[in-house]
Amino acid sequence: MSNETFQRADDGMIRLASGRADVERDIALLRQCLEDGHSILAGHAGYEDWGKSKAGGGQMLYCQSSGSSDKAKTIRRTAASWIRTFRKTRSLFHLSAQDPYAVLGALSHSLTLYGILEGLEVGGGVDVLTGLTPRHQAVALAQAQSAVLYATPSQLRLLLEGAKIAQITLPAMKLIWSGGGKLDPDCRTGLEALCPNGQILEFYGASETSLITLSNKETPVGSVGKAYPGVDVQIRDADGAVLSAPDQIGEIWIKSPYLFDGYEAGSSRDTLWRDGYLTVGEMGSLDANGFLFLKGRKSRMVTVADQNVFLEDVEAVLQSNPSVRICAALAVPDKHRGHVVMAIVERTPSAASDGEDAGTHVDPLATHLQAQCRAVLGPLATPKAVHFIDHLPLLPAGKPDLLALSEWLEGILAKERP
């Protein structure tokens, strides 16, 4: 086992902005773990010091999965597995102690912790903007002259709203790392205007895998890029055979020096090891040039009238509408088609005043969203209904809470049943 440990957080290396007691408590504990070389648990209830006894002689990192569609799992990895990616990123993008980092999300989210620890490894320190409103986050980024930002697409969309209110841009920003979901075209355009000197780096990965692919200016629309240096990506069929022809959809398997060790608690039937390769149950395809295209999680692929429908595809079309702030697509059992798709949408503030037509009791936005899906995805993937919600529940990672939304939708449908 590697004895590499994360960089210590010297005075001024981690800068807090919100003044929230829970954030201050977790960062103080993180500082102490780094000072002592102890293992760290980034759990939903906050950080915990797991000491050296659990580390087996080396520093370990324990993160909890988001639990967006299943029970949360505790992921175990060596410190070295993340440090390898930090050093590769520093080399690829010529980063130095002159490049301060920033994070926006909950400290329990592995992406936030990843950004904090990379900022320490590179040497520029990190501004923790957890707990601030999007407007205050935008102002803080401008004041700190942040050069590197780690965030999810949902957090970036909110940041754009906050920056618009504050009427500021971020010319010092060099790299915007976006992970945990697809970055829609409008958000990308907004980020390009907000950070005129910044490079948007959309990456694909998971808590179990760290970085898998990275996009660049040559990445085709709809792709999440090519394999990150050191990563080998394969597409395999249901029997485990490698699909060598381009554009064939199958399960994504990877071999990488950045992988996790295993689950400390919980399990996933979609997470499998075979011949040194790992899959976490994601589906996709590789084109002839090695660009990866995601379809979605195997667990979120449903059958509608004998056709496979990926709910992530539906969400991408819905999210492309400028009146949609955030959304989720769910599958509901149907005795005739196997399943039907339902959409849950939170409107943008500018669209919040729009409602159903008093004469027809039909919401114009719902009709428009269904027409968009039909044109792009066909009738079977088109939501049977679009339900609007005032505040769509989110997990700490900024992703929709699919379990809570399923319960909410079941309550709505129960009222509609005769």
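**Salt bridges in the predicted model**

Arg-76 is partly exposed, with a relative accessible area of 22%; here buried means under 20% relative accessible area, exposed over 50%, and partly exposed in between (1.4 Å probe, protein chains only). The structure is a predicted model, in which local features need pLDDT of at least 70 and side-chain atom pairs count only at pLDDT 80 or more, while totals for chains, interfaces and linings use all residues. Residues are numbered from 1 along each chain as its sequence is written, and side-chain values use heavy atoms, with hydrogens and water left out.

A salt bridge is defined as a side-chain nitrogen of Lys or Arg within 4 Å of a carboxyl oxygen of Asp or Glu. By this rule, 18 salt bridges are counted. One of them joins the side chains of Arg-76 and Glu-264, at 3.0 Å from N to O. Because Arg-76 lies in strand β5 (residues 74–78) and Glu-264 in strand β15 (residues 262–265), the pair ties together parts that are 188 residues apart in sequence. Helices (H or I, at least four residues) and strands (E, at least two) are DSSP runs, numbered from the N terminus. Glu-264 is partly exposed, at 36% relative accessibility.

A salt bridge also links Arg-157 and Asp-184 (2.8 Å, N to O). Arg-157 belongs to helix α5 (residues 153–166) and Asp-184 to the loop between β9 (175–178) and α6 (185–194), so parts 27 residues apart in sequence are tied together. Arg-157 is buried, at 15% relative accessible area, and Asp-184 is buried at 8%.

The side chains of Asp-363 and Arg-347 form a salt bridge at 2.3 Å, N to O. Both residues, Asp-363 and Arg-347, are buried.
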